[in-house]
Amino acid sequence: MINKKLLINNVSEDWRNILEKEFNKNYFDQLLIEVNKSFKKNILLPAPENIFNAFNKISFTRLKMVILGQDPYHGEKQANGLCFAVNRTIQTPPSLKNILSEIYSDTNELPQTEKNLEFWAQQGVLLLNTSLTVERNNPNSHSHIGWNKFTDEILLQISNQKKNIVFFLWGNNAKQKKKLLNIDKHLVLSTSHPSPLSVYRGFKGCKHFSKANKYLENNGIKKIIW
């Protein structure tokens with residue numbers, strides 16, 4: 001059984017103040033009911049202990065960037081709770097290949113991260129999906145159970161409480177979140193999704209990685225080593 005205590009078990013104290021406010025709202029109780037239905041059928045991804053992995057890996061205090069994905073990978077053992085990432089033993093998905101290729105094209109440097117992208121999280125990057133769970137082999141299956149309310153509030157609080165955060169909004173789902181963000185005190189970069197279906201509609205050649213680092217350095221913030 002997945003409960004609130006399990007979700008927040010490894011989350012730093014500075015995130016808890018934000019997350020627990022959402023836990024106390026009625027929609028979150030209903031959300032957990034739906035998540036547990038999938039869990040009981042053994043079709044829930046990622047594993048319960050990884051649902052809040054994005055928050056486990058980076059404290060709110062050290063946050064300097066948000067990469068926003070759609071929902072977790074729906075293939076067996078792919079999702080690890082960080083958007084676009086997979087564990088070391090899992091084959092690299094096409095979207096992640098395109099991301100790593102764009103880094104090289106943009107910066108003329110080989111990516112330093114492993115495919116689990118934890119190296120980015122360690123530097124202050126929140127790798128957040130708009131939906132934090134999905135059913136196996138059923139993409140977007142949890143996009144309407146309440147996760148969007150939850151992650152919208154997270155984005156809103158980041159926008160309100162922080163300054164000079166870089167946001168990557170890739171794909172139509174992520175682009176819709178721009179309205180939550182204060183573009184006067186943050187850098188918001190949006191383009192097409194890095195999936196093979198849309199990579200040539202703007203993502204390829206977007207140069208988001210160099211633009212992000214230039215912005216961070218201009219504001220006295222240490223750049224990301226990609």
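Buried means under 20% relative accessible area, exposed means over 50%, and partly exposed is in between, using a 1.4 Å probe and protein chains only. Keep in mind that this is a predicted model, where local features need pLDDT of at least 70, side-chain atom pairs count only at pLDDT 80 or more, and totals for chains, interfaces and linings use all residues. Residues are numbered from 1 along each chain as its sequence is written, and side-chain values use heavy atoms, with hydrogens and water left out.

How many disulfides turn up in a search of the whole structure? The search finds zero, where a disulfide is a pair of cysteine sulfur atoms within 2.5 Å. Cys-83 is in no disulfide, and its nearest cysteine sulfur, the one of Cys-206, is 14 Å away.

**Helices that meet**

Helices here are DSSP runs (H or I, at least four residues), strands are DSSP runs too (E, at least two), and both are numbered from the N terminus. The table below gives two helix pairs. Axes are lines fitted to C-alpha atoms, for helices over the stretch in contact, and angles run from 0 to 180 degrees between N-to-C directions.

| Helix pair | Angle | Axis distance |
|---|---|---|
| helix 2 (residues 13-23) and helix 7 (residues 147-161) | about 140° | 10 Å apart |
| helix 5 and helix 9 (residues 208-218) | roughly 65° | within 8 Å |

Take helix 2 and helix 7. Their crossing is right-handed. A crossing is left-handed if the near helix is turned anticlockwise from the far one by less than a right angle, and right-handed if clockwise. Which residues of helix 2 meet helix 7? They are Trp-15, Ile-18, Leu-19, Glu-22 and Phe-23, and among their partners in helix 7 are Phe-150, Ile-154 and Ile-158. Contact means heavy atoms within 4.5 Å. By class, the contact of helix 2 with helix 7 has seven nonpolar, two polar and three charged residues. Here Ala, Val, Leu, Ile, Met, Phe, Trp, Tyr, Cys and Pro count as nonpolar, Asp, Glu, Lys and Arg as charged, and the others, Gly among them, as polar.

Now for helix 5 and helix 9. Ile-99, Glu-102, Ile-103, Asp-106 and Thr-107 in helix 5 meet His-208, Phe-209 and Ser-210 in helix 9. The residues of this contact divide into three nonpolar, three polar and two charged.

**A closer look at helix 7**

Gln-157 sits in helix 7. Its side chain makes a polar contact with the side chain of Gln-161, at 2.8 Å. A polar contact is a pair of N or O atoms within 3.5 Å; within protein, one must be able to donate a hydrogen and the other to accept it, and residues adjacent in sequence count only if both atoms are side-chain atoms. Not counting residues up to four places away in sequence, Gln-157 touches Ile-18, Phe-60 and Lys-162.

Thr-151 is in helix 7 as well. Is Thr-151 buried or exposed? Thr-151 is buried, with a relative accessible area of 0%. A polar atom of its side chain lies 2.8 Å from the backbone oxygen of Thr-130. Leaving aside neighbours within four places in sequence, Thr-151 is in contact with Leu-128, Asn-129, Thr-130 and Leu-132.

**Out in the loops**

Most residues other than glycine have a negative phi, and most peptide bonds are trans. Now look at some loops with that in mind. A cis peptide bond joins Leu-45 and Pro-46, with omega about -5°. Pro-46 is in the loop between strand 1 (44-45) and helix 4 (53-56).

Lys-77 has a positive phi, near 65°, and is found in the loop between strand 2 (65-69) and helix 5 (94-107). Lys-77 counts as exposed, at 60% relative accessibility. Asn-140 also has a positive phi, near 65°, and lies in the loop between strand 4 (134-135) and helix 7. At 33% relative accessibility, Asn-140 counts as partly exposed. Leaving aside neighbours within four places in sequence, Asn-140 is in contact with Gln-70, Asp-71 and Val-134.

Finally, Glu-114 lies in the loop between helix 5 and helix 6 (118-122). Glu-114 is partly exposed, with a relative accessible area of 42%, and a polar contact of 2.4 Å joins its side chain to that of Arg-88.
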